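Trainee: Please take a close look at one part of this model for me. I would like the side of one chain that touches the other.

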Amino acid sequence: MEFLDVPTVLKVSALFNLMAALAWLMLAQTFRIAPRAGRLMAAGHLVRIASQGCGDCMAGWPALLRQAIPEFGLLACTVLLLLALRRMLRSRQRSRDIAWVAGLGALGITAGLASGSGLAPQLASTVSVTVLSLLAVREVVRGIGGRLSRLITACTTLPFAALAALGLAHAAELLLVPGWDDHVLNGELPSPARAVLWFFVTASITLSLISLMIWRVITRIQHLTYRDPLTGALNRRAFELALTDAQAQLQRGHGFALAMIDIDHFKRINDLHGHQAGDAALQHCVRIWQAGLREVDRLGRLGGEEFCVLLPLATPAGLETAVVVAERLRASLVAEPLRWNGLELPLSASFGVALPVPGDAAGEIALARADAELYRAKAEGRNRVCVATPLAALATA
Amino acid sequence: MITAAQTQTLLAAIITIAGVATLVWVALALVARVAPRASLAMAFANATASAALTLHALRGVLPDALAYWPGDVLAVVSFALLGAAVPGITTRQVAWKPAAAVVAAAALVLLALPYDGDLRWQARVVNATGAGLTLAAGIAAWRGLGRTASGHRTPAPLALPLFLIALMMATRCVESFIRPGSTPDLREPTEFNHVFLWTALVLTLLQNATLAFLVMMRLILRIERLLERDPLTDTLNRRAFDQALDHAHAWLQRGRGYALVMIDMDHFKQLNDSLGHAAGDAALRQMVRELQPCVREVDRFGRLGGEEFCVLLPDTDIAGAALVAERMRMLVDQAPLRWLEQDWHLSASFGIAEAERGDASADAVLARADAAMYRAKHQGRNVVQA
């Protein structure tokens, strides 16, 4: 690596950081993509430029300043990075852990600087940066949460792991190799290999964050394509796809049940209180039902006030569990009336539950049977669950 | 004083950044599936640039047969790919034929030149071809962006990096003619090389960033469209229509009136129940298709829910709205829905209303149009009522 010129490497790195900061700001301001995370990232990149130094440009500065800026800068830019990462992944975790690590690190650096040692401030900042990057690794793994393939998760996590490894190696080096004090106090340049390594880690972290952001945009598009915009339930197309999928799984022994739902007297709400009340009622129902469903259940809005839930079953003929779920959904809606504009509007819904039949690729028979039960529930006085007799039971009877 | 280490570092930096950009574009193309063909073209452009510069940097180390002619041809290929990718991102069509012809011509010319001693003519061919290709791509991008840009966003800066790259390559070509001491070797520590390499580095970053932005913009436009359109009929959804309506109502106070045409398909529930949801959907799409020619650029066509639609006509009074609604009614009436080898007659009831100065909000106008539409239903449907 001796053919490389270290000040030029540092300048290239500074240029890269500057461009990255501008790109994040542009994304935040123009496109409103992840605005807060973008601003944090931009700040992080700018701080990084200051913290890496530029070789000879700081030559005339006081030693204390030359020593303090890189250490505090590195710590600050890691903190900004981690905060941006949390925003980006919409983590609900409070930033208390970051504050603790950063506070202790800053304290260590200050104490080290005050003691006049060359080693202590570097050790403090390196250790805290290592801890923060480990937190970042955990954050990414959790945030992605198995929603991306293993390879992509690994690629996204790797830069942060590399930063942690770099920190660990540097800490070990500081402790084990004598003579580091002099390097630091004399303001010597890093070796070319070290400068290049740092540049690579910075650049790969930037890329990793950008790919996380693009992933977010793409999931948003998918969400918009598959969800009903008013209620957030699956739209009809997406529900039909899920149903076709479930029918295919039925041949392999994975059963499911359908519960068709229709809100009672919905037209009355619309006519009495206007469309906005109707919209609020739909949103209210979906919120309550979603809370009572598992993650594997699929709630779709088929149109108007008609919904359908696809309930995967542990046993193919386990109709009872589906009935229990439907009954729970019915009861929870009755228990929580809609509060709208100071009014309390009681809501209820009718349910029709049916099991699918094999060989019905698009699930039309299952939908029709559930629909028929729904009509029966309506006819029998609404706010109840009606269950279709399984075809298998009919055959044996 | 420029040292050899400085120019080598800059070369290494450009090679690295082009290499990393290659990986990013490949990921965008294959994993995220964003503009896959153009992204792949960008990936190859970066890869060939990286390879060409690597071969250039290793002249004297690698065998000459590998480092010279192939390196120069790779450089030309990289410019050609860049030129092909840029229009591809805006128009989805990668224009590779003219670029391939230029590359073939340049490769033949380079093959004819002897690779020994003075290599300035080879460098001139490479630089001039690069300048020409990027200039052509810049002009194409400028035109293409002008067409697709929506409203206020100015497209000009997005084609700028291409022009700058063309200018940079042209300068290098011209320099070799006017400065006697110029060298085609990028590793030589001359002032010109130093400035050139820094510019090249900045422009590599800039070019990749700009194109990435274009790709992002396409994603964002898709999101905006998804947010304001009804997926079934591609008319405005309720939220977007309400916004447009409020906007029009704000103009009412400033002296610009508007009228509404409320549209409700007749016997939709019957159709749905007897033929199924799919037929209902097809009927709605068919009706919207029939109505579309009556809707001007300035009008807003929205689906309020179910089988109910509304058209907002700015600068229109009740008489104008009546004309539009009557024409719409005829069009729907004349075009039956073809479903399962059979024609099903479609019709709709129309209610029209004009905004008046006394209307506190757009909801009042909407309610009048709604009431008129109900009167139309009571009159036996398939009519227009004011």
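Mentor: Here is that side, followed by the chains around it. The model is predicted: local features need pLDDT of at least 70, side-chain atom pairs count only at pLDDT 80 or more, and totals for chains, interfaces and linings use all residues. Residues are numbered from 1 along each chain as its sequence is written, and chains are lettered from A and ligands numbered from 1 in the order in which they are written.

Chain B puts 28 residues in contact with 25 residues of chain A (contact: C-beta atoms, placed from the backbone, within 7 Å). On the chain B side, α1 (4–30) and α8 (191–228) each supply at least two residues. α8(B) gives the most, with eleven residues. Helices here are DSSP runs of H or I, at least four residues; strands are runs of E, at least two; both are numbered from the N terminus. By class, this side of chain B has 20 nonpolar, seven polar and one charged residues. Nonpolar means Ala, Val, Leu, Ile, Met, Phe, Trp, Tyr, Cys and Pro; charged means Asp, Glu, Lys and Arg; the others, Gly among them, are polar.

Now chain B as a whole. An automatic or database assignment gives domain 1 (4–227) and domain 2 (238–385). Their centres, taken over C-alpha atoms, are 53 Å apart.

Chain A averages a pLDDT of 86, and 95% of the residues score at least 70. pLDDT is the predictor's confidence in each residue, from 0 to 100.

Technical notes: Two residues are in contact if their C-beta atoms, placed from the backbone, lie within 7 Å.
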